[in-house]
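This briefing is meant to be read beside the sequence and the model. The points are grouped by topic and can be checked by eye.

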Amino acid sequence: MFTARTFTINGQQYDVAIEDGETLLDVLRDRLHLTGTKKGCDSGDCGACTVLIDGEPLNSCLLLASTVEDRSITTIEGLARNGELTPLQKSFVAEGGLQCGYCTPGMVLSATALLERNPDPSTDEIKDALAGNLCRCTGYTGILRAVERCKNYLEGGQCAKPRGVEPSGVGASIPRIDAADKVTGRALYTADISLPYMVHGKILGSPIAHGLVKRIDVSKAKALPGVLAVLTGADVTDTKHGVSPARYDEDVLAKDKVRHIGDPVAAVAAVDEKTAERALKLIEVEYERLPVLTDAMEAIKEGAPLIHEKYKSNICTTVDFNFGDVETAFKESHYVREETFVGNNVFQSPLEPHASISTWSHDGNLTLYTSTQVPPYVQYMMAHLLHIPLGKIRVIRPAVGGGFGTKAATTPLDICSALLSRACGRPVKMVYSREEMFQYGRGRHKQHMKIKLGVDREGKIKAVKSEVHLDGGAYTSFGVATAYYAGSMIPTLYKIPNYRYDGYRVMTNKPACGAMRGHGVPQPRFAFECLLSMAADDLGIDPIEIRRRNAMTPNTMTVNDLDIGSCEFSATLDAVAGKSAWKDKYGKLPKGKGIGIGCGGFVSGAGYCIYRGQVQLSHEKGREPFQKKSIFPHANAVVRVTEDGEAAVLMIGAAEIGQGSDTVLVQMCAQSLGIPASRMRMQSADSEISPLDLGAYSSRVTFMAGHAVSRAGAMVLEKMKPYAAALLGCAASEVEARDGTVFVRGDASRSVLWAEVARKCFNADGPLVGTGWYKPPEGLGGDYKGATVGTSPAYSFGSSVCEVSVDLETGKVKIDKFTDYHDCGTPINPQGVHGQVEGAIVMGAGETVMEGVAFGDDGQLLNPNLHGYLIMTIKDAPEIFSGVVDSYEPRGPFGAKEIGEGSTLPVLGAVAHAIANATGVWIKDLPITPEKIVNAIRQKKAADAARRERRDEPVTAK
Amino acid sequence: MHIPSIEVHKAATLQEASALLGRFSPDVRLLAGGTDVLVDLKTARFSVGHLVALGGIKKLRGVTEERDGLRIGALTTITELDRSPLVAGAYAALRDATSRMATPQVRNAATVGGNVAGAVPCADLPPILIAMNATALLSSDKGERTVALEDLVVGPRTTVLRDNELLAAVNVPRPPERFGAAYARFGLREANAIAVAGVAVALALNDDRTVRSARIALCAVAPAPKFVKEATRLLVGRVLDERACAQAAALAMEAAEPISDLRGSAEYRRELVGTLTRRALAAAHQRIGR
């Protein structure tokens with residue numbers, strides 16, 4: 001029943017007819033189109049939907065709109081007045097208080113309410129006030145800084161003062177170019193978009209983890225008024241999809257079998273989401289239950305039920321790396337230690353749920369709006385499934401609220417929205433609930449790792465051997481690559497002369513795992529770093545010193561044929577040791593306090609693309625034989641100067657997902673053009689405007705897209721040089737450009753405005769356009785099976801020192817402080833670099849001590865929400881110092897390498913080491929929960945007592 | 001995650017609310033802050049056709065100082081209680097619960113009545129209120145009655161409230177001289193963490209610093225808030241030394257009936273109860289001062 005209601009929102013009256021059961025959040029977003037208020041969890045756990053009610057922050061998802069008619073409601077749209085940002089919003093923009101921006105409206109509103117009540121809050125008061133707003137990107141560091149410095153902006157202090165012409169090129173910490181849109185709620189994410197005549201889709205997921213679909217009856221759902229289309233496995237293509245071309249094993253909708261909770265079984269389109277949800281409940285499905293496998297080590301046993309019948313076992317990938325002679329090397333080692341570690345099934349939990357909108361033109365072209373990290377892979381997979389050419393598919397990537405790997409593949413929402421839209425002839429929007437996100441998964445593989453290390457008397461590594469079982473869930477997804485990465489990246493950090501790795505990627509009845517930040521590597525890296533620190537302690541060598549003795553050096557070929565270029569790993573070790581006062585602390589802290597070291601690094605983009613052939617329709621074409629070179633460029637850019645010469649539009653399909661790629665690409669392009677970044681416009685969202693860039697995965701964008709945009713900019717400048725030379729009376733080769741001025745090299749007084757030269761170009765030659773592209777170098781990698789995984793044009797290195805306090809009675813860990821130094825090459829935007837590091841530290845520390853999807857024996861997810869699955873709040877986040885060491889990568893754009901994924905890698909080991917240092921016990925299975933710590937301390941006490949008793953025994957016997 | 005069709009009835013008075021409850025029972029729930037009810041409706045933990053919204057009953061809201069103690073209206077939000085200037089002196093122990101539960105946004109909406117009468121086993125207010133000897137004022141169109149807080153909740157989401165009865169207020173008696181209370185809780189995060197276990201303690205001392213009264217109540221380790229009666233008998237008349245605290249902790253551990261779940265095993269919870277009891281006793285004792 002609808003009732004007319006009047007709301008006062010941002011001082012304005014809104015009259016709207018609503019039902020009694022509608023939340024304020026849904027009324028704001030769906031009825032009033034005030035989409036700055038975000039839906040993150042719909043359960044009051046994340047704070048993304050925060051609004052002010054009579055000045056106090058509340059979760060609009062937990063308020064019935066019908067009960068707040070007489071209250072004054074403030075949304076993010078109501079803060080800026082006449083386009084002027086509030087001092088707090090300005091502070092968020094300038095101080096790096098946001099990345100993906102999805103938590104930002106709620107965060108800004110909570111902080112606004114605090115500052116109204118308390119204009120000069122302490123750090124603890126700020127943390128208390130923001131404890132209900134989760135952020136997955138920033139590590140809260142920039143947010144805290146923004147609120148702390150707000151007063152300065154309010155009073156027009158130092159931070160707010162214009163500082164003349166700000167440098168904006170490479171190396172400058174300019175604010176994100178999307179920051180103002182994100183602090184005001186103007187940035188549009190996929191779920192914020194409404195198309196005319198649009199309807200809504202939902203997917204029915206399997207309620208059981210393993211079973212046969214015996215019968216589906218959709219007649220009642222179809223009969224429900226408002227339902228426009230219902231699809232089941234019988235209605236959709238038999239073509240399977242996935243990520244690794246060798247293993248496409250996912251059905252669009254279950255054909256005969258379901259393999260995990262939430263496995264898509266049917267899809268419905270209806271006039272609104274509520275009706276679609278009701279229709280799902282009316283679909284009758286009869287299942288025949290099959291035995292459920294939730295443990296990888298059970299799934300590999302002889303006789304275990306097969307999850308995919310067409311394969312002989314539940315092992316979907318076997319990796320066998322064997323370099324040198326590990327067995328001889330172990331025999332020759334002075335010290336050998338083997339340990340077993342177990343990781344956890346971490347879920348990325350971006351604040352923005354996955355979302356897609358599909359709409360078809362009358363002539364059969366699909367436009368897909370999707371929250372993705374990899375627009376071209378989505379385009380490719382949609383072409384494969386829909387059996388239409390790539391050119392008929394337009395992918396638009398609106399603002400993306402974080403990905404971290406869970407948005408690195410084509411989702412059932414992408415596919416089902418397209419199919420439903422085609423079936424009902426209307427645009428279809430589909431958005432995952434928080435629970436559905438967990439059921440879709442693609443989080444980190446839980447790895448079971450047996451790892452053995454042999455070193456000589458000085459602690460120099462002689463051999464490393466590891467056997468890893470990766471629990472991959474029900475489908476392959478990225479799993480083939482994951483299994484290789486878990487082995488290939490271990491030898492990049494330290495010199496390992498003999499190395500063996502046996503990897504097994506195992507299917508279980510859980511949501512498929514995928515490529516989470518650091519793809520496959522963080523858990524083996526954690527295991528290795530722990531083992532190295534154990535060895536150091538056993539040998540009486542300082543843990544940082546043992547790392548120095550084994551550290552990778554520049555221009556080295558690793559034992560597995562990875563070509564390391566620039567490498568300042570040792571410098572990062574020296575820097576963290578000094579900055580953290582390591583020598584004064586390690587082994588010298590009181591009980592319950594601990595310090596630990598961890599290191600890591602990553603690729604600056606994968607050397608090879610996931611699909612190897614041409615960019616074209618692939619499903620009817622056989623796989624091409626592998627060649628050790630890229631067939632097509634991985635990053636491509638076009639820059640077009642406007643006709644008046646005042647602005648340049650950069651077009652590149654590089655996916656901005658919150659990491660800040662739009663900003664650094666604009667900076668690099670502006671630098672090579674010779675204009676300030678403020679004169680650049682970015683078009684990265686639309687495949688119809690921007691040429692192909694493979695997307696935001698394998699930490700590739702700064703490096704690869706950076707090359708493409710700077711080459712495009714350089715091409716424009718080359719075209720301008722003859723015209724400039726004519727105006728300046730010099731040779732074209734003498735022309736330089738910087739900050740909007742073109743001048744004679746060595747004599748800046750002979751100059752002309754950049755825009756004037758650009759106009760001359762246009763007047764004479766028409767559109768002033770430059771293009772640029774990047775292919776990784778040819779010949780990367782060795783000649784063994786799997787040699788391509790881990791190849792990259794450049795590698796990053798980093799070291800982190802973690803300091804913790806542990807409550808030895810309860811086991812509670814407080815991560816107090818992190819000191820991190822990275823070799824990321826030469827930073828393009830230092831604030832962006834530190835933002836990535838800070839975010840990675842908090843995410844990595846969280847996954848070490850509190851994160852993990854839990855499953856019942858029946859495969860049910862026990863914590864598919866943000867109160868059961870814990871990510872760190874602002875009060876859990878440590879104080880962080882992030883530094884970079886001097887480094888220049890000759891193969892990188894302007895000397896740059898990656899930071900986004902590599903920054904995660906040192907974290908897990910550093911935390912585990914610090915906890916071991918504080919408690920005297922190593923916890924070798926993640927997450928390191930308080931209960932595990934307490935149990936380990938108790939066991940150690942008992943073991944120590946038993947040992948003392950045994951030692952005493954002979955004495956008493958005498 | 002949409003709430004199925006539902007009718008919201010706004011009650012202007014307690015009597016009206018009670019009548020509405022009676023009229024629609026059992027197809028009805030009360031709506032106060034909504035922070036639990038809305039989640040339950042969205043996730044279909046229960047589904048009802050009617051909600052009785054209490055927001056309009058102004059007299060249910062606010063903290064007042066009465067002759068015999070503090071009266072906390074059931075519709076007082078957790079934030080209002082936390083910020084109330086009346087929550088001072090010995091009453092301030094309530095802040096151990098109000099300042100740490102959930103998130104600021106939830107505390108701004110959630111009510112004392114919801115936290116108490118919602119009868120969720122991990123609710124933070126009931127244990128400290130029980131320790132402080134609070135009573136619940138129950139109201140219906142038939143009249144009022146008072147029950148001790150430890151008698152209000154009988155199981156998970158189950159209370160002694162009758163179909164047409166509401167919690168109107170919680171009364172916290174004025175603490176005696178030399179009184180101290182504290183609530184120690186353990187969660188897996190620094191904020192927005194459901195209690196894995198919690199222990200509330202209220203102590204009053206005699207002039208000779210022996211214990212005059214002692215009340216201990218536990219959170220999240222039993223189907224309902226657990227009042228540890230035996231601890232009172234154990235402690236009264238004694239000096240609160242280390243041994244007494246250890247014995248009280250042992251009693252509390254024994255009284256706990258924890259379950260194993262995602263947040264911790266039963267054994268770990270029991271162990272936490274021991275640790276938290278010692279800590280809460282120490283904190284309460286310290287607050288008494290000299």
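This is a predicted model: local features need pLDDT of at least 70, side-chain atom pairs count only at pLDDT 80 or more; totals for chains, interfaces and linings use all residues.

B:P26 lies in the loop that connects helix 1 and strand 2 of chain B.

- Chain B has an open sheet of 3 strands in the order 1-3-2, with parallel pairing.
- Strand 1 and strand 2 (28–31) of chain B are the edge strands; each has a single partner strand, so one side of each has no neighbour in the sheet.
- From one strand to the next, the twist averages 25°.
- Strand 1 of chain B and strand 3 (residues 50–53) of chain B run parallel and are joined by 4 bridges.
- Within chain B, B:K10 stands opposite B:A53, which belongs to strand 3.
- Helix 1 (residues 14–24) of chain B packs on this sheet and touches strand 1, strand 2 and strand 3 of chain B.
- The direction of helix 1 of chain B makes about 170° with that of strand 3 of chain B.

**Where chain B touches chain A**

- The contact involves 35 residues of chain B and 40 residues of chain A.
- On the chain B side, strand 1 (7–10), helix 2 (37–42), helix 5 (104–109) and helix 10 each supply at least two residues.
- Helix 5 of chain B gives the most to this side, with 5 residues.
- By residue class, the chain B side divides into 18 nonpolar, 12 polar and 5 charged residues.
- Helix 10 of chain B covers residues 266–288, which makes 23 residues.
- From first C-alpha to last, helix 10 of chain B reaches 33 Å, close to the 33 Å expected at 1.5 Å a residue.
- B:G289 follows helix 10 of chain B and has a positive phi, near 70°.

**Chain A as a whole**

- Chain A contains 25 helices and 33 strands.
- The radius of gyration of chain A is 28 Å, which agrees with the value near 30 Å that a compact globule of 958 residues would have.
- Taken along the principal axes, the box filled by the C-alpha atoms of chain A is roughly 100 × 80 × 65 Å.
- Of the 958 residues in chain A, 63% are buried.
- Among contacts in chain A with a separation of 6 or more, 78% are between residues 24 or more positions apart.

**Backbone details in chain A**

- Most residues other than glycine have a negative phi, and most peptide bonds are trans.
- A:H33 has a positive phi, near 60°, and is not a glycine.
- A:H33 is in the loop between helix 1 (24–31) and strand 3 (50–53) of chain A.
- A:H33 is exposed, because 9 other C-beta atoms lie within 10 Å and the limit for exposed is 12 or fewer.
- A:N82, also not a glycine, has a positive phi near 50°.
- A:N82 sits in the loop between strand 5 (72–74) and helix 2 (87–94) of chain A.
- A:N82 has 4 C-beta neighbours inside 10 Å and therefore counts as exposed.
- The peptide bond from A:L926 to A:P927 is cis, and its omega is near -5°.
- A:P927 is placed in the loop between helix 24 (905–919) and helix 25 (930–957) of chain A.

Technical notes
Residues are numbered from 1 along each chain as its sequence is written. Chains are lettered from A and ligands numbered from 1 in the order in which they are written. The radius of gyration is taken over C-alpha atoms; the globule rule is 2.2 Å times the number of residues to the power 0.38. A residue is buried if 20 or more other C-beta atoms lie within 10 Å of its own, exposed if 12 or fewer, and partly exposed in between; C-beta atoms are placed from the backbone. Two residues are in contact if their C-beta atoms, placed from the backbone, lie within 7 Å. The expected span of a helix is 1.5 Å times one less than its number of residues. Ala, Val, Leu, Ile, Met, Phe, Trp, Tyr, Cys and Pro count as nonpolar, Asp, Glu, Lys and Arg as charged, and the others, Gly among them, as polar. Two strands pair if DSSP finds at least two bridges between them. Axes are lines fitted to C-alpha atoms, for helices over the stretch in contact, and angles run from 0 to 180 degrees between N-to-C directions.
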